[in-house]
Amino acid sequence: MNLRVEQRALAQSDQENVVVLGPTPADPTFSDTSTEGAYKILGVRPGLTISVFDMIVGANFIGRFATESCVAIDFLFEASGQGWLLDRDADQKLSSIPYRPGRIYIMVAPAGAIGIYDVPVGSRFKGMDIRVDTALWQKLGAGDVVANLDEHHALHMASSSDIWVGVLPVPPDLLTVARALFDSAMVESDDLAIEARALDIINASITAMRRT
């Protein structure tokens with residue numbers, strides 16, 4: 001595997017070990033492929049992680065993903081392929097989620113989620129993933145947002161009985177913040193700025209979910 005993997009806590013983070021809330025390159029699904037590039041997982045604080053990735057997808061990049069109870073906010077700068085949510089009991093595909101650049105994907109999974117993904121060989125997959133566990137999400141005062149999500153929400157893209165996925169175009173000002181966060185995380189510069197930008201993105205996502 002030529003995928004460079006790093007996992008660390010930010011300098012100001014009050015944690016010794018990063019608890020990964022979502023997919024990780026340590027999973028055999030990643031290590032068994034010929035995917036190249038970089039994948040970093042940063043522990044911002046307990047209950048908040050950032051992953052940044054820039055990969056050229058190799059063969060056999062088809063597999064399952066699992067996440068802990070969380071809200072995931074994803075920016076895709078370059079992407080193709082798609083993913084599917086899975087029914088926990090029947091292990092059947094429920095909803096298709098196409099991966100497209102220039103969008104924010106928000107997944108709300110109070111009980112966690114499982115799914116599968118399929119990304120074309122040779123394609124570039126570049127983006128970032130911010131994950132907030134449900135306890136921290138409540139502390140941020142956004143519990144009401146989750147309570148009001150359903151298939152009638154303006155941002156709704158896919159859902160099951162216990163998972164909701166919404167998508168929206170990235171506003172120019174937020175894209176600037178996302179690119180700055182991605183660049184800082186990739187070169188390990190200014191941990192305080194990384195955290196501040198992540199919180200800006202979380203706040204903007206909460207506002208967008210509440211507004212519509």
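Two strands count as paired when DSSP finds at least two bridges between them, and helices (H or I, at least four residues) and strands (E, at least two) are DSSP runs, numbered from the N terminus. With that settled, here are my notes.

1. **What we are looking at.** This is a predicted model, in which local features need pLDDT of at least 70 and side-chain atom pairs count only at pLDDT 80 or more, while totals for chains, interfaces and linings use all residues. Residues are numbered from 1 along each chain as its sequence is written, and side-chain values use heavy atoms, with hydrogens and water left out.

2. **Confidence.** The pLDDT (the predictor's confidence in each residue, from 0 to 100) averages 86 over the protein, and 91% of the residues score at least 70.

3. **Strand β5 and its neighbours.** β5 pairs with β8 in the antiparallel sense over seven bridges; here valine 71 stands opposite valine 108 in β8. β5 also runs antiparallel to β10, to which eight bridges join it. On that side, aspartate 74 has aspartate 129 of β10 as its bridge partner. Eight of the nine residues of β5 are buried, so the strand is largely enclosed by the rest of the structure. Buried here means under 20% relative accessible area, exposed over 50%, and partly exposed in between (1.4 Å probe, protein chains only).

4. **Helix α4.** This helix covers residues 172-187, 16 residues in total, and reaches 23 Å from its first C-alpha to its last, close to the 22 Å expected at 1.5 Å a residue. The expected span is 1.5 Å times one less than the number of residues. Its buried residues are Leu174, Ala178, Leu181, Phe182, Ser184, Ala185 and Met186. What covers them includes strands β2 (36-45), β3 (48-56), β5 (70-78), β8 (103-109) and β10 (124-133), along with helix α5 (191-211). Contact means heavy atoms within 4.5 Å.

5. A search of the whole structure finds eight salt bridges, each defined as a side-chain nitrogen of Lys or Arg within 4 Å of a carboxyl oxygen of Asp or Glu. In one of them, the side chains of glutamate 6 and lysine 40 meet at 3.5 Å, N to O. This pair links distant parts of the chain, with glutamate 6 in strand β1 (residues 2-9) and lysine 40 in strand β2, 34 residues apart. Glutamate 6 is partly exposed, at 22% relative accessible area, whereas lysine 40 counts as buried at 9%.

6. Aspartate 191 and arginine 8 join their side chains in a salt bridge of 3.0 Å, N to O. Aspartate 191 lies in helix α5 and arginine 8 in strand β1, so this pair too links distant parts of the chain, 183 residues apart. Aspartate 191 is buried, with a relative accessible area of 13%, and arginine 8 is buried at 18%.

7. The side chain of aspartate 129 meets that of arginine 131 in a salt bridge (2.7 Å, N to O). Arginine 131 counts as buried at 7% relative accessibility, and aspartate 129 is buried with a relative accessible area of 7%. Salt bridges that share partners join Glu6, Arg8, Lys40 and Asp191 into one network.
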